[in-house]
Amino acid sequence: MSTSSGAAATRAPSTVPPTTRQIPVLWLALLASPVAAAGNAAVLILGDLGRSLGTPTATASWLVTTFALALAVATPLFATLLRRRGTRTALWLAAACVAAGTALMAISPWLPLLLAGRAVQAAGGAGMTAIAMNLAGTARRMGAISAATGILGAVGPLLGERLTETVSWRAALSLLAVTLLAVPAVGRRTTPAPPPAGDRFDARGALLLAVLSAGLVLLPYRPLPALAVAAVAAALLVPHIRHRPDGYVPAAALRSGHFRGSVLIALALSASYFTLLFAVPQLLVDRAGRPATSVAVGQMAAMITGSLLTLGFAAVSARLRHRTVRAILLAAGTLAATAAVLAHGTIVPLAAIGLAVFAATAANATQSVAAASAVPDRQRPAAIGLFQLGYLLGGALGPALATALVLR
């Protein structure tokens, strides 16, 4: 893709067969967006979770970190499954994970089992996201999915707080089950599974990438051990990629400056957004004395506004230079972080969250297309999976950073 134009990204060939291109984008949005609501539902109920489980708030936040880490690790796995076995297999496996994880969350009385259920649930959500992004095809449709994700993410904190108060926190953490409503409609419109790919699954590459991702996410909690684990995994992964350039981590993607830049932008803006998402409401509740419901309503309004901006920006991004798109995203993310750190009162910090959600979701919409266009056609599902891994790693690092800075 040329660096002088974003239009090339939207003209990039789809990564899906022709018979699946016409799936209405609303079904794809319903498939992917409940993941954001499920992840954000815990923003305002960490204290309730801790009290119910008899643990500190920081310990209860592992339910958030585990969800985000499982999302990140499972996304490229499902991208590989899409490439090798087709959409239907990936779709029904993801649905099974969501159903099984939600059921375990609903009945488990112990934190370790809750964490396991949350991880299985999140793995299914990763599959739903990977499928929706692969079936989208253009920046405009990805923008619609990202905007819906942002809106559901905006509603998530307030919905989680209301469900916790009226039903239980288990209901709040079961919101991901809504994605199952889209499965029959998407499944009917997808092609049968293709023959299995001839190459062997790169299990070693998958394991090393998962260990590297876990090490990065755990950096705010245990810096030295996590750094050591990440360094060892990276040191082993580099020669492995040279040995298997078409394996789990395609060498063509890592050699592309467009791909690396897209992933780094998504990672940075996602981490900033999710840090503010968890830190700012807690600061407003604890230090400014604002009631949780009031904070949730203000946050929801700001995030919906930011998500609607994403929808408009994705529609016009094809007419902008690629560097201009990136400059706008980085400027918005920097302004959001600066305002959240330096501002006092209530309005400006909440506005900063709205600007941060715009920067992150718009980056997800526009830069995912750029990342997919930077590699050969046969590696585009893997490239989208790796891009989503970068974005979701930011989503895992954000709550961890918020815990380290604010929630202890």
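Predicted model: local features only at pLDDT ≥ 70, side-chain atom pairs only at ≥ 80, totals over all residues.
**Helices, cores and enclosed space**

User: How many helices does the protein chain have, and what percentage of the 408 residues is buried?
Analyst: The protein chain has zero strands and 19 helices. Burial means under 20% relative accessible area, exposed means over 50%, and partly exposed lies in between (1.4 Å probe, protein chains only). Of the 408 residues, the buried share is 57%.

User: How many residues does the largest nonpolar core have?
Analyst: A nonpolar core is a set of buried Ala, Val, Leu, Ile, Met, Phe, Trp, Tyr and Cys residues joined through side-chain atoms within 4.5 Å. In the largest one, the residues with the most contacts inside it are Leu31, Leu49, Met128, Leu209, Tyr273 and Phe278. A second, separate core of 10 residues includes Phe313 and Phe358. The residue count of the largest core is 109.

User: Which helix gives the most residues to the lining of the largest cavity?
Analyst: On a 1 Å grid over the protein atoms alone, a cavity is a set of points where a 1.4 Å probe fits but cannot get out, and a pocket is an open set with protein on both sides within 12 Å along at least five of seven lines; lining residues have an atom within 4 Å of a point. The largest cavity has 27 lining residues, among them Val35 and Tyr391, which are two of those nearest its centre. By class, the lining holds 16 nonpolar, 11 polar and no charged residues (Ala, Val, Leu, Ile, Met, Phe, Trp, Tyr, Cys and Pro count as nonpolar, Asp, Glu, Lys and Arg as charged, the others, Gly among them, as polar). With six residues, the greatest contribution comes from helix 19.

User: What volume lies in the largest pocket?
Analyst: Grid points are joined across faces, edges and corners, and a volume is the space filled by probe spheres set on the points. On that basis, the volume of the largest pocket is about 490 Å³. Leu209 and Leu212 are among the lining residues closest to the pocket centre, and both are buried residues of helix 12.

User: What distance separates the C-alpha atoms of Ile23 and Leu135?
Analyst: Ile23 lies in the loop between helix 1 and helix 2, and it counts as buried because its relative accessibility is 0%. Contact means heavy atoms within 4.5 Å; leaving out residues up to four places away in sequence, Ile23 touches several residues, including Leu135 and Arg141. Ile23 and Leu135 are 112 residues apart along the chain, yet their C-alpha atoms are separated by 7.7 Å.

Terms used:
Residues numbered from 1 in each chain as written. Heavy atoms only, no water. Helix = DSSP H or I, 4+ residues; strand = E, 2+ residues; numbered from the N terminus.
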